Structures are given as structure tokens and as C-alpha cells.
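Hello,

Here is the structure we talked about passing on. Please open it alongside this email.

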Amino acid sequence: MSGTLVLVRHGQSEWNLKNLFTGWRDIDLSAQGVEEAKAAGSKLAARGIRFDIAFTSALVRAQRTCAMILDATGQSGLTTVANQALNERDYGDLNGLNKDDARKKWGEEQVHIWRRSYAVPPPGGESLKDTGARVWPYYLHIMQPHVLRGETVLVAAHGNSLRALIMAIEGISGDDIVKLELGTGVPMIYRLHADSTLASKEILS
């Protein structure tokens, strides 16, 4: 066995709470999101997990989640790399809109297609496939080498950037990955073999 990769979707954001499309908008955590981030850190600390490096996106809700997890594990000074490759999917013209209002404007079926299809982007935005096109190279060239050296790596990011990572790690198809729901502040622990194939997966719900 090689290393360990811990994926955590950021805690609830203020716009999650308001049912708004967030995308690349730099929205902070809600009060509940802060508690979810702290709880994620406590769960990982209780398992005795210690990280060698952390990665997060360029957005504050993921960065604060990452910092709170590291604080809970007693590693607040750990090297943390922030990169927009791990940003949430860009929802384009949907950013900032209430999801119910978007359904009224474009129709429930069309909004569902934009949200849950793999390759169809909303106007001016990214599909999950587009999101993967920036996440996968970053994972393969920047993050995965740390795991294959036997390190324990934290990734605090977003629902769709994490879906793209999970596709690569688990070999899930585009049709199936869009059905995967990721809870906010729920750590997923992946242990990989030396050849990068999956050894085990554990969800700390």
C-alpha cells in the first residue's frame, strides 16, 4: 500500500443555505458550515490522522474548511497549497440565482440537465466534464505524487471538483458520477496501492 488521500467538501456556505448557485463566487461559510468543518477535523483527529500536505481551492469556503481541519488535528502550520484548479464548477449565468427561480426561468427539466448531466454546461459555465479537464491534470501531476510517496494528503474542495477527483480515483463513469451526492464536511478517506489503484475507502459520516 502507498499513501492516503482525504477528501472533504467544504462546510455549508452562506449561499448553500440560501439555495443559490454559487460556483466561482467567493462566498464564506455559514455558521453551520463552520461547525461542519470543525466536526470534520475532530473526526479525523480522533482517528489519529496526521497530514503531510494539504490542498484546497482559491475560494474562501474551502480554504477556511481546510484551515479548521488542520487546526483540529494540531497542524495549523502545515504547508497548504491553494489553486483554482480545485475550484467549484463555474455555473456561468446561473451563478447567484436561486435554484427555484432558475427553474421558473428556464424550466425544471433544463435546469436539471445543466445540474446533473455530465457534459452539458449551463450558459457561460462549465459542465462536470469541463471541471474534470482542469482537476485531473492537477491531481495526476501535483497531488498524486505525494500519495504515491506514501504521504497522507488532505484535499478540502467542492462538490464538483471532488466528483472529478473521485472519478479518477474510483474509475466511475460520467453517467454515474453525476448521481453521487457529497455531504458538506464529511471526510472520505482513500488509501491507494503503490500503482495508484484504490485499496480502500472509508466515509466518516
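Predicted model: local features only at pLDDT ≥ 70, side-chain atom pairs only at ≥ 80, totals over all residues.

**Strand 5 and its partners**

Start with strand 5, residues 187-192. Five of its six residues are buried, so the strand is largely enclosed by the rest of the structure. It has a partner in strand 1, residues 4-9. Those two run antiparallel and are joined by five bridges. To find the pairing on screen, look for Val 8, which stands opposite Pro 187 of strand 5.

Strand 5 also pairs with strand 6, residues 198-203. That pairing is antiparallel too, again over five bridges. Here Arg 191 has Ser 200 of strand 6 as its bridge partner. Strands 5 and 6 form a hairpin, with five residues between them. Check Ser 196 in that hairpin: its phi is positive, near 80°.

**The largest pocket**

The largest pocket has a volume of about 340 Å³. Its lining is made up of 19 residues. Nearest the centre lie Arg 9, Asn 16, Tyr 91, Lys 99 and Arg 115. Two elements give two or more residues to this lining: helix 5 (108-116) and helix 7 (159-170). Helix 7 gives the most, with three. By type, the lining splits into eight charged, seven polar and four nonpolar residues.

Ile 166 sits in helix 7. What is its relative accessible area? The value is 0%, so Ile 166 counts as buried; the cut-off is under 20%. Beyond its neighbours within four places in sequence, Ile 166 is in contact with Leu 7, Gly 171, Ile 172, Ile 177, Leu 180, Leu 182, Met 188 and Tyr 190. Take Tyr 190 from that list. It is 24 residues from Ile 166 in sequence, and the C-alpha to C-alpha distance is 9.6 Å.

Val 135 belongs to helix 6, residues 128-148. Val 135 is buried as well, with a relative accessible area of 0%. Setting aside neighbours within four places in sequence, its contacts are Ala 85, Leu 86, Ser 161, Ala 164 and Leu 165. Val 155 is 20 residues away from Val 135 in sequence. In space the two are 12 Å apart, C-alpha to C-alpha.

Best wishes

Terms used
Residues numbered from 1 in each chain as written. Heavy atoms only, no water. Buried < 20%, exposed > 50% of the residue type's maximum accessible area, 1.4 Å probe, protein only. Helix = DSSP H or I, 4+ residues; strand = E, 2+ residues; numbered from the N terminus. Pairing = 2+ DSSP bridges. 1 Å grid on protein atoms, 1.4 Å probe; cavity = no way out; pocket = protein on both sides within 12 Å on 5 of 7 lines; lining within 4 Å. Points joined across faces, edges and corners; volume = space filled by probe spheres on them. Nonpolar A, V, L, I, M, F, W, Y, C, P; charged D, E, K, R; others polar. Contact = heavy atoms within 4.5 Å.
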